[in-house]
Every structure is written in C-alpha cells, then in structure tokens.
Amino acid sequence: MQKSILILLCTLFAIPAFARDLADIQAEGVLRHIGVPYANFVTQYSEGNKVINSGLDIELMQNFARYIGVRYQFVPATWSTVFGKLTGRSALFENNQVVYGAAQPIEGDVMAHGVTVFDWRSQIVDFSDYYFPSAVWLIARAESPIKPINPSGSMVKDIIEVKRLMRGLDVLAMSQSCLDPHLYNLYETGANIILPTKQLQLNEMVPAILNNEAQTTLLDVADSLIALEKWSNEIKVIGPISEDQQMAVGFRKDSPHLRQAFNEYLRKIKQDGSFNQLVTKYYPSIFHYYQDYFTQPPITH
C-alpha cells in the first residue's frame, strides 16, 4: 500500500523526464519546432483549407532540419503555453520570479519565434548563440503632444528621460512577453500601465493605440520596424525603455547536442551569407539600424 501511494505521488508531482536530444531526433526523423505567431518571425495565414506557416524562424528551422537530415514539423503555441510545450511544465513570470505550473506532455524540440533572452527565461531553457538584436521602445500616435527625446549618446540617460515622460500616461503593455512592465520597473514611473483585457498579439498593440485604447504602447524593435512601414504617418518612436537586447533559439536543458548543432549551423550560414539573405527577406530595414550586428560572427551565449 505504501509503495502504491509513493508511486502515485511521484506520478502526480514529478516533472516529466523526456531526454530527446539530437540523436533521438535524427532516429525519429523529425524536428518539431514550437512557435508563437509574432512579427515576421512566425506568421500564419490561410490558403483555402490550408494554414500556411511563414517567417524568418520558420525558414530558419526548416533549413536547420534539412541540415541535420530530418523532416520539419511546426507546433503552434501561445506566449503562455510555449514553455510547457517545450519542457513539459508550464512557467510564468510573476512578481519578478518564475512560477511553475503543472506537468504536461512535451510537444516539441525547439522554440523559435523571435524570443528575447531574459534571465528568467534562461532559468527554464538553454538559449542558442544570439542571432537577432532587439530593444523595447515607447511608441505614440503621431498627433500626440509627447515629443521624441533627443538622443544623448547614453542609453541609460535616454531611458531615464523616456520614463520621466511616461508619468501620467496610459501605456499599453503585455504580460509574459518582452513587453512585460515588470521587466523594466514601469510601475515606478507613475504611468498608468494598461494590460489588455483580451489576449492580443504583439502586432495588435499599435492598432490598439490608433483605436484610442491607450495613449502609448511598448513595442520591440522587430514589431516597431514593421509598424513604422505600415503606419509611417500615424505613429512615432518616443525613445527606449530598455537597453539593447538579444534574441535566440530556446532548447530544453537536456538537449545540449541539438543546441550545439544549431550553433554550428548558425555560424555556417552567417559565414556563407545565407543568413543575411534570409534576414533581408523579412526585415530589410533592420540593416539601417544594426548594420554592424549582421556583419559579425554570432554572439555566443
């Protein structure tokens, strides 16, 4: 009886063990890529009765699957489910700490959708070498009386100035994403932080402020570049609320050989120029802002 109870308790509370590394993936013959629709990293659209997956990270993972000799499979996720689908246990960032949820089935091998690297996320997964730059900016409607700051040459000073301007403003943000206000101590600015009552995609933040749901919104570099092209006369960048950030691909902590293989692949495509061709396809204007970034070898993490 005691043994049965012990087995039951272990079943209920243990984190599921799932050792699936490079050799296992190659033996099975498929790489399962978990992704959240976001910017031009992962996009989904319908063509007849088919859902078409596209984007920088879709192609990057498809090409990586060919590199290691396996088929590719896409596994859709949301910001709140992606860690659970990868690691077998959901995880959220609440009150400046990681809060783990219940065990669940593992559905994929790698997550890639323009994932910004944060310390709290590094507690849950291991990241690849960095491959795309980011930062978070404050965006306002073009007719807003708030004026863009004059860059001082110091990122720290610019962030302080932008946060000073936020006092009393309605600022649209999003929990569990790179726009989470807790990451940047925004509640201390005196701004009225608005979290969406319905689940928004990151690409819906600008339409929300254009619809007068808030005066301003947070937005990261990737979405900002897309938004500035789409609504060039309707929005403006006020300035940064974060220092420079990095994006990378996420792996389970028991998949070191898969992570190593991806890093080797990333170095290869950066050396032969095919990575920059891929970036140009989805983010042509990024080179105007981060030209040196894409001419250097991958930044190790």
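## A buried loop residue

Ile106 sits in the loop that joins strand 6 (97-103) to strand 7 (110-116), and in this predicted model the residue is buried, with a relative accessible area of 14%. Along the chain Ile106 and Leu86 are 20 residues apart, while their C-alpha atoms are separated by 5.6 Å.

## Helix 3 on its own

Helix 3 covers residues 56-67, and its length can be checked against what a helix should give: at 1.5 Å a residue its twelve residues should span 16 Å, and because the end C-alpha atoms are 16 Å apart, the two values agree. The buried residues of this helix are Leu56, Asp57, Ile58, Glu59, Leu60, Met61, Phe64 and Ala65. After helix 3 comes Gly69, a residue with a positive phi, near 80°.

## Helix 3 against helix 10

Two packed helices are described by the angle between their axes and by the distance between those axes. For helix 3 and helix 10 (residues 274-282), the axes come within 9 Å and cross at roughly 150°. Because angles over 145 degrees count as roughly antiparallel, helix 3 is roughly antiparallel to helix 10, and the crossing in which helix 3 passes helix 10 is right-handed.

On the side of helix 3 the contact is made by Leu56, Glu59 and Leu60, and on the side of helix 10 by Phe275, Leu278, Val279, Lys281 and Tyr282. Sorted by class, the residues in this contact of helix 3 with helix 10 are six nonpolar, no polar and two charged.

## Helix 3 against helix 9

Helix 3 also meets helix 9, where the two axes come within 11 Å and cross at roughly 105°. Helix 3 and helix 9 are therefore roughly perpendicular to each other. The residues of helix 3 that take part are Leu60, Met61, Asn63, Phe64 and Tyr67, and they meet Leu258, Ala261, Phe262, Glu264, Tyr265, Lys268 and Ile269 in helix 9. By class, this contact of helix 3 with helix 9 has nine nonpolar, one polar and two charged residues. Leu60 of helix 3 takes part in the contact with helix 9 and also in the contact with helix 10.

## Helix 9 and its surroundings

Helix 9 (residues 256-272) consists of 17 residues and reaches 25 Å from its first C-alpha to its last, which is close to the 24 Å expected at 1.5 Å a residue. Its buried residues include Leu258, Ala261, Phe262, Asn263, Tyr265, Leu266, Ile269 and Lys270, and the elements that cover them include helix 2 (22-28), strand 1 (30-35), helix 3, strand 15 (245-251) and helix 10. Helix 9 is followed by Gly273, whose phi is positive, near 90°.

## Helix 8 and strand 13

In helix 8 (residues 221-230), the buried residues are Val221, Ala222, Asp223, Ser224, Leu225 and Ala227. Among the elements that cover these residues are strand 9 (132-134), strand 10 (136-141), helix 7 (205-210), strand 13 (216-220), strand 14 (235-240) and helix 11 (286-289).

Thr216 is found in strand 13 and is buried, with a relative accessible area of 0%. Leaving aside residues up to four places away in sequence, Thr216 touches Leu138, Ile139, Ala140, Ile146, Leu169, Asp170, Val171, Leu172 and Ile209. Thr216 and Leu228 are twelve residues apart in sequence, and their C-alpha atoms lie 14 Å apart in space.

Ala39, in the loop between strand 1 and strand 2 (43-47), has a positive phi near 50°, and Ala39 is buried, with a relative accessible area of 11%. Asn185, in the loop between strand 11 (170-172) and strand 12 (192-194), has a positive phi near 55°. Asn185 is partly exposed, with a relative accessible area of 43%.

## After the last helix described

Asp292 is found in the segment after helix 11, where it counts as exposed at 55% relative accessibility. Asp292 and Arg32 are 260 residues apart in sequence, and from C-alpha to C-alpha they are 32 Å apart in space.

How values were computed:
Residues numbered from 1 in each chain as written. Predicted model: local features only at pLDDT ≥ 70, side-chain atom pairs only at ≥ 80, totals over all residues. Heavy atoms only, no water. Axes fitted to C-alpha atoms, helices over the stretch in contact; angles between N-to-C directions. Helix = DSSP H or I, 4+ residues; strand = E, 2+ residues; numbered from the N terminus. Parallel < 35°, antiparallel > 145°, perpendicular 65-115°, else oblique. Left-handed = near helix turned anticlockwise from the far one by under 90°. Contact = heavy atoms within 4.5 Å. Nonpolar A, V, L, I, M, F, W, Y, C, P; charged D, E, K, R; others polar. Expected span 1.5 Å × (residues − 1). Buried < 20%, exposed > 50% of the residue type's maximum accessible area, 1.4 Å probe, protein only.
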